[in-house]
Amino acid sequence: MKAVKIIAIVLLVAFVGIQFMPVERNQSDGVPKTDFMLVNDVPSDIKNKLQVSCYDCHSNNTQYPWYNKVQPVAWFLEGHIKEGKAELNFNEWDSLSSRRKASKLRSIIKQIESGEMPMDSYTLIHKEAAFSEEEIQQVIKYMENLKDSL
Amino acid sequence: MKNLKKNIALMLLLAVSFSNAQEKEKMNHNHDKMMTMKGDTKSEAILSDYFNLKNALVTDDSKKAAELGAKLATSLKAFDKSKYKVEEQKELADIIEDATEHAEHIAKSDIGHQREHFKTLSKDISDMVAITGAKSTLYEQFCPMYDGGGSWLSTNKEVKNPYYGNKMLTCGKVKRTIN
């Protein structure tokens, strides 16, 4: 019984301790001119869907709910954001060549089509980020058209 | 009269030597073009890795395809565009950047994803060859069934489908012979 108490105290101290570890926040002022929404004529419902479902990890600005500021959740999230931005950053869309845009659009379509994006671990908490069947078709159609217009 | 004859003769001589020189220049030009269009050691290394990767996909070997994807990414990064024309360099840089990303993804994905990336990669490699050329004859092959149609390059005329492997090994046809 005493051992359990000690372990509990150690864990609690560790939990409180890691809250003071610095973490990089993915936040910036303003939206660059190269942003996907600024250079493309995106219908408002699709715009809203992309903003809610994709921009947290695929842009320079994450909307942080309170629990994402708690460790170790914040670390976990930070890793995903870093990886997500390396794959695709909507804020830097227009700095890509046509070839690269077509490549990215192909991947966007595949990932949404197969349900791999948005990630399950993300939609588990962000219910509103999940795509309905109708939204999947809508966004894919938009992306297909954009790819063909390049 | 004698002068006129002399002049005509001189002009003829000039004309002949001029056209001759032009012909020579043309030949030189062709020669240069052929030299640059036959690939270089770096582009040949890329092609060799690409064909090995394609063969791994033909045999449904995802693990080997992943290793070869990583190898291809390395040879893509080693590509030297400096000996190409300025306008070609820009295009080549773009192609290489795109292809590298696909090769890197192939290095860390399951076979379904590997094939998705291989489709775009094949387009990149084909565009690269359009500029660099290749030492051996290549065949652009096409399978109409894969994802709205997918092409790939092969050194062999016989179709072996990298998108379906064993499932539909011979699906596809030769679309174009390069060189």
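How many helices and how many strands does chain A have? Chain A has seven helices and zero strands; helices (H or I, at least four residues) and strands (E, at least two) are DSSP runs, numbered from the N terminus. This is a predicted model, in which local features need pLDDT of at least 70, side-chain atom pairs count only at pLDDT 80 or more, and totals for chains, interfaces and linings use all residues. Residues are numbered from 1 along each chain as its sequence is written, while chains are lettered from A and ligands numbered from 1 in the order in which they are written.

**Fold and dimensions of chain A**
- The pattern along the sequence of chain A reads α-α-α-α-α-α-α.
- The C-alpha trace of chain A spans about 70 × 30 × 25 Å along its principal axes.
- Chain A has a radius of gyration of 19 Å, whereas a compact globule of 150 residues would have one near 15 Å; the radius is taken over C-alpha atoms, and the globule rule is 2.2 Å times the number of residues to the power 0.38.

**Burial in chain A**
- Of the 150 residues in chain A, 19% are buried, a term for residues with 20 or more other C-beta atoms within 10 Å of their own, the C-beta atoms being placed from the backbone.

**Contacts**
- In chain A, 78% of the contacts with a separation of 6 or more are between residues 24 or more positions apart; a contact requires C-beta atoms, placed from the backbone, within 7 Å.
- Six residues of chain A are in contact with six residues of chain B.
- On the side of chain B that touches chain A, α4(B) gives the most, with four residues.

Note on methods
A residue is buried if 20 or more other C-beta atoms lie within 10 Å of its own, exposed if 12 or fewer, and partly exposed in between; C-beta atoms are placed from the backbone. Two residues are in contact if their C-beta atoms, placed from the backbone, lie within 7 Å.
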